[in-house]
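I am opening a new notebook page. My entries follow in the order in which I looked things up.

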Amino acid sequence: MDFIFQTWPWYVSGFLIGMVMLSLIYFGKTFGMSTNLRSLCAMTGLGKKVGFFDFDWKAQRWNLLVVLGAMFGGFVAVHFMSDASNVAINPKTIAQLAQLGIDAPNGKLLPDALFGNAIFQSPKNILILTIGGILIGFGTRYASGCTSGHAIYGLSSFQLPSLKAVIGFFIGGLIMVHFIFPLIF
């Protein structure tokens, strides 16, 4: 059981993700988390008012189970299987975060200054979360999919638009981390 509780090597995780993607391709299914929001909106009948949501959402029911599984798996992993002692954070990263006033995780996987409940008490942080959520929603719609759909499924099925989107995700992430993040914090 110790193997399950440790951080898995990339070749094990990558192989398992690859097997899931091959099975989805074999069964003619597409994968992505953002399509579930469209399915949820279609379930509520929003398709009668907005044409984008007018589609057969029942064909995507299986993908809703993927979301529930991801949420359940995340809960189990955090509450029953997480051991931050086997995650090594680069000391340079900890020093850079300290310069921004962000504490080291100290035995946790994520720093409380960025991921703790206290962030909901600051109007600045609530504004940042709101703007970030709007931008992610816009970007997901503009790119015709989310990071998981493009990076995992799209690249697995050799889709050129997904390659372009993933390159854009990485460029945007680098710009955010090196230029915008220090201005915000």
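Which helix do the buried residues of α3 pack against? I found that they pack against α4 (61–81), with contact taken as heavy atoms within 4.5 Å. I note that this is a predicted model, where local features need pLDDT of at least 70, side-chain atom pairs count only at pLDDT 80 or more, and totals for chains, interfaces and linings use all residues. Residues are numbered from 1 along each chain as its sequence is written, and side-chain values use heavy atoms, leaving out hydrogens and water.

Entry on α3. I looked up the buried residues of this helix (residues 34–43) and listed Asn36, Ser39, Cys41 and Ala42. Buried means under 20% relative accessible area, exposed over 50%, and partly exposed in between (1.4 Å probe, protein chains only). Helices are DSSP runs (H or I, at least four residues), numbered from the N terminus. Just after α3, I read a positive phi of about 90 degrees at Gly45.

Entry on cysteines. I found zero disulfides, a disulfide being a pair of cysteine sulfur atoms within 2.5 Å. For Cys41, the nearest cysteine sulfur is that of Cys146, 15 Å away. Cys41 is buried, at 17% relative accessible area, and Cys146 is buried at 11%.

I looked up a nonpolar patch of about 880 Å², whose residues include Leu155, Leu160, Phe179 and Ile180. Its residues have over 30% relative accessible area and no salt bridge, and nonpolar side chains (Val, Leu, Ile, Met, Phe, Trp, Tyr) are joined within 5 Å. Helix α9 (residues 160–184) gives the largest share, nine residues. Met176 lies in α9 and is partly exposed, at 31%.

Conventions: Patch = residues over 30% accessible without salt bridge, like charges linked within 9 Å, V, L, I, M, F, W, Y side chains within 5 Å. Areas by Shrake-Rupley, 256 points an atom, 1.4 Å probe, with all protein chains shown as cover. Salt bridge = Lys/Arg side-chain N within 4 Å of Asp/Glu carboxyl O. Helix = DSSP H or I, 4+ residues; strand = E, 2+ residues; numbered from the N terminus.
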